[in-house]
Amino acid sequence: MRVPVLVVASASLVASLAACVLFVPGPEETTGSTCGLTSDERGTACGTCLASKCQSALDLCCAEGRTCESVIPAVALCEDDEEKCAAAGDGAAERGLRACASGSCADACGDGVPAKDSGPPLEVVCENGSGLGRCFCRALSDAGSSSGTCVSRSYYRCCAEEGYPTVAGKACACLPRYCLRDRAARSCTCSYFESSSGDATSSCSAASSGVCCELEGGRECTCYDDLDRCPSGTEVSSCTESGLACLKESEDGGTAKSVARCSP
């Protein structure tokens, strides 16, 4: 098991400088929030990138124990030494670490798996939604080549399913996301829409006697001027497009995260 980083305070220094502490790593560890890398691991470009961009994923991996800890050298050292590579497992913490490495450190870390076990390369195919101002991408093993573009722009949000674009079948979509007032109904709704609108705003609020309600899942929020309690959902102080949760294509229990673009 990787040992947690030690924190030691010098008594003589504390007497004069109460806030001064000395960080002392173990012989094979580097200072970090929870999970350190060995000297061999942090000596690679991949290890440097993991420590910079994937510390939370490393922490979760170490917290899971030896099953996931053994994967860290496979990810950090594989690009420099193919013998260190290991076939990907199916543990949640390992998937998170490998997803961060491939998403944030792809140039430095590569695939982290043996070439013979990596399978056919995945390609990303993107399509626009029939002129509706939305776009959609999916990672496929039999696409032939990547195609199409799908990027975020004003009042849009791109959401990628966990594992995209390194897991076949996983999807990513960029959809219009904004708030729109319905004056006739005396309401204002923040949500994901099929197309963009010239009346789009970034937030909604209700009249002093009204109420704002966030639906379960956080993907829609409506403020009502004429209601004093929510017809459904949870009462909130206001609704904003930036506060909406990420949409995902499938309901497989996984999660989706906000990304700048879906296309390669």
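What follows is a working chat about a predicted model, its disulfides and its salt bridges.

Biologist: Before we start, what should I know about this model?

Modeller: The model is predicted, so local features need pLDDT of at least 70, side-chain atom pairs count only at pLDDT 80 or more, and totals for chains, interfaces and linings use all residues. Residues are numbered from 1 along each chain as its sequence is written, and side-chain values use heavy atoms, with hydrogens and water left out.

Biologist: Fine. How many helices and strands does the protein have?

Modeller: There are eight helices and 13 strands. Both are DSSP runs numbered from the N terminus: helices are H or I with at least four residues, strands are E with at least two.

Biologist: And how much of the protein is buried?

Modeller: Of the 264 residues, 34% are buried. Buried here means under 20% relative accessible area, exposed means over 50%, and partly exposed is in between, using a 1.4 Å probe and protein chains only.

Biologist: On to the cysteines. How many disulfides does the structure hold?

Modeller: It holds 16 disulfides, each being a pair of cysteine sulfur atoms within 2.5 Å.

Biologist: Let's take C49. Which residue does a disulfide join it to?

Modeller: C49 is joined to C105, with 2.0 Å from S to S. That pair links distant parts of the chain: C49 is in helix α3 (residues 45-53), while C105 is in the loop between α7 (92-104) and α8 (106-109), 56 residues apart.

Biologist: Is that link left-handed or right-handed?

Modeller: The link of C49 and C105 is left-handed, with -85° about the S-S bond. C49 and C105 are both buried.

Biologist: And C135, what does it form with C150?

Modeller: A disulfide, with the sulfur atoms 2.1 Å apart. C135 lies in strand β4 (residues 135-140) and C150 in the loop between β4 and β5 (156-161), so this pair ties together parts that are 15 residues apart in sequence.

Biologist: Why is that disulfide right-handed?

Modeller: Because the torsion about the S-S bond of C135 and C150 is about 85°. As for cover, C135 is buried at a relative accessible area of 6%, and C150 is buried at 1%.

Biologist: What's the story with C159 and C246?

Modeller: C159 and C246 form a disulfide too, their sulfur atoms 2.1 Å apart. C159 sits in strand β5 and C246 in the loop between β12 (239-240) and β13 (256-259), so the pair ties together parts 87 residues apart in sequence. The link is left-handed, at -95° about the S-S bond, and both C159 and C246 are buried.

Biologist: I also had my eye on C213. Where does it lie?

Modeller: C213 lies in strand β9 (residues 211-214), and at 3% relative accessibility C213 counts as buried.

Biologist: Which residues is C213 in contact with?

Modeller: Leaving aside neighbours within four places in sequence, its contacts (heavy atoms within 4.5 Å) include C221, Y224, C230 and C239. On a C-alpha to C-alpha basis, C213 and G233 are 5.7 Å apart in space and 20 residues apart in sequence.

Biologist: Switching topic: how many salt bridges are there?

Modeller: The count comes to four, where a salt bridge is a side-chain nitrogen of Lys or Arg within 4 Å of a carboxyl oxygen of Asp or Glu.

Biologist: Which residue does E94 form a salt bridge with?

Modeller: R98, the closest N and O atoms being 2.9 Å apart. E94 and R98 are four residues apart in helix α7, so about one helical turn separates them. E94 is buried at 7% relative accessible area, and R98 is buried at 13%.

Biologist: And how about E241 and R177, buried or exposed?

Modeller: Both E241 and R177 are buried. Their side chains meet in a salt bridge, 2.6 Å from N to O. E241 is in the loop between β12 and β13 and R177 in strand β6 (residues 171-182), so to speak distant parts of the chain, 64 residues apart.
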